[in-house]
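Colleague: I'd like to go through the labels on this model and hear what stands behind each one. Shall we start with the basic terms?

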Amino acid sequence: MDKTKSKKKIIIIIAVILVVIAAAVFAVFKLIGGSHVGIDNDPEAAPQGNSNTLVVYFSWSGNGQKMARWIAEEKGADIFRIVPADDYGSDYQACADRAKSELDNGIRPELAEHIDEEIMAKYDTIFLGFPVWWYDLPMPVWSFLEEYDLSGKTIIPFFSHNGSSNGANSLDRVKELAPNSDVKTDEAISINGNKVADSENEVKEWAAKF
Ligand SMILES: Cc1cc2nc3c(=O)[nH]c(=O)nc-3n(C[C@H](O)[C@H](O)[C@H](O)COP(=O)(O)O)c2cc1C
């Protein structure tokens, strides 16, 4: 009887601890998850295939967009923003809920912008930028990687986060979704979202190495 009671107690304590941890993670992301106002929604110039390098990015609150534009400037590269057909809106909570549900259910959102196959074929190097979302790659980036034949291309990831500084599952996910590309996961750059605005030199110096 006593044993059963103490077992029950332990289970309750563990359950309470798990709930507290989940609530804390949620609160932290809500506080520092970023605000949509940081993004510039003006469309990027369409990729023309004039360079052998393409910078592709998905960004909700603007950090990855800044990094992408610095990289494109440094490399004289074309740039392409991954834009979901149904955008994530400006409300953090709605965005977080949808992102979680898409990840949990393997939903690949339809994209609004596409690159012609012949133009994509001209690039041999792709810098691929994204935020860590729910410890993984945001689902629009899954949509992008599955849409194109990227075999033989070099993919260099760059990302921002608010704590998952090693990218959590996102880098392995890029490898998984681009199995025939040379994905430079070990050379990816990781910047805390709160520090992106002050990281222009760091990002450009990193990009210059490739
Ligand atoms: C839906 C959502 C989920 C997030 N999940 C994580 C996460 O799992 N780990 C983390 O470190 N940061 C997480 N963040 C924080 C973002 O990665 C961080 O704010 C990033 O700099 C945003 O980049 P962006 O401005 O290009 O969208 C999340 C943010 C959002 C909006």
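Modeller: Helices and strands here are DSSP runs, numbered from the N terminus: H or I over at least four residues makes a helix, and E over at least two makes a strand. Residues are numbered from 1 along each chain as its sequence is written. Keep in mind that this is a predicted model, where local features need pLDDT of at least 70 and side-chain atom pairs count only at pLDDT 80 or more, while totals for chains, interfaces and linings use all residues. On those terms the protein chain has seven helices and six strands.

Colleague: Why is Ala168 called partly exposed?

Modeller: A residue is buried with 20 or more other C-beta atoms within 10 Å of its own, exposed with 12 or fewer, and partly exposed in between, the C-beta atoms being placed from the backbone. Ala168 has 18, so it falls in the middle class. It sits in the loop between strand 4 and helix 6, and its phi is positive, about 50 degrees, although it is not a glycine.

Colleague: And what makes Tyr135 partly exposed?

Modeller: Its count is 14 inside 10 Å, so the middle class applies here too. Tyr135 belongs to the loop between strand 3 and helix 5, and its phi, near 65 degrees, is another positive value in a residue other than glycine. As background, most residues other than glycine have a negative phi.

Colleague: Why is helix 5 described as largely enclosed?

Modeller: Helix 5 covers residues 139–147, and seven of its nine residues are buried, so the rest of the structure largely encloses it. Trp142 and Phe144 are among them. The cover over the buried residues includes strand 1 (53–57), helix 3, strand 3 (125–131) and helix 6 (170–177).

Colleague: Which residues have the most contacts inside the largest nonpolar core?

Modeller: Val55, Val56 and Ile71, in a core of 45 residues. Such a core is a set of buried Ala, Val, Leu, Ile, Met, Phe, Trp, Tyr and Cys residues joined through C-beta atoms within 7 Å. Beyond its neighbours within four places in sequence, Val56 contacts Phe80, Ile82, Ile126, Leu128 and Phe144.

Colleague: What makes strand 1 and strand 2 a pair?

Modeller: Pairing takes at least two DSSP bridges. Four join strand 1 to strand 2, and the two run parallel. Val55 stands opposite Ile79 in strand 2. From strand 2 (residues 78–81), Asp78 and Phe80 point one way and Ile79 and Arg81 the other, and all are buried.

Colleague: How many residues surround the ligand?

Modeller: The shell has 24, and the closest are Ser59, Asn63, Gly64, Pro131 and Gly193. To be near, a residue needs its C-beta atom, placed from the backbone, within 6 Å of the molecule. Helix 3 gives the most to the shell, three residues.

Colleague: How far apart are the C-alpha centres of domain 1 and domain 2?

Modeller: They lie 35 Å apart. Domain 1 is 1–32 and domain 2 is 36–208, with bounds from an automatic or database domain assignment.

Conventions: Two residues are in contact if their C-beta atoms, placed from the backbone, lie within 7 Å.
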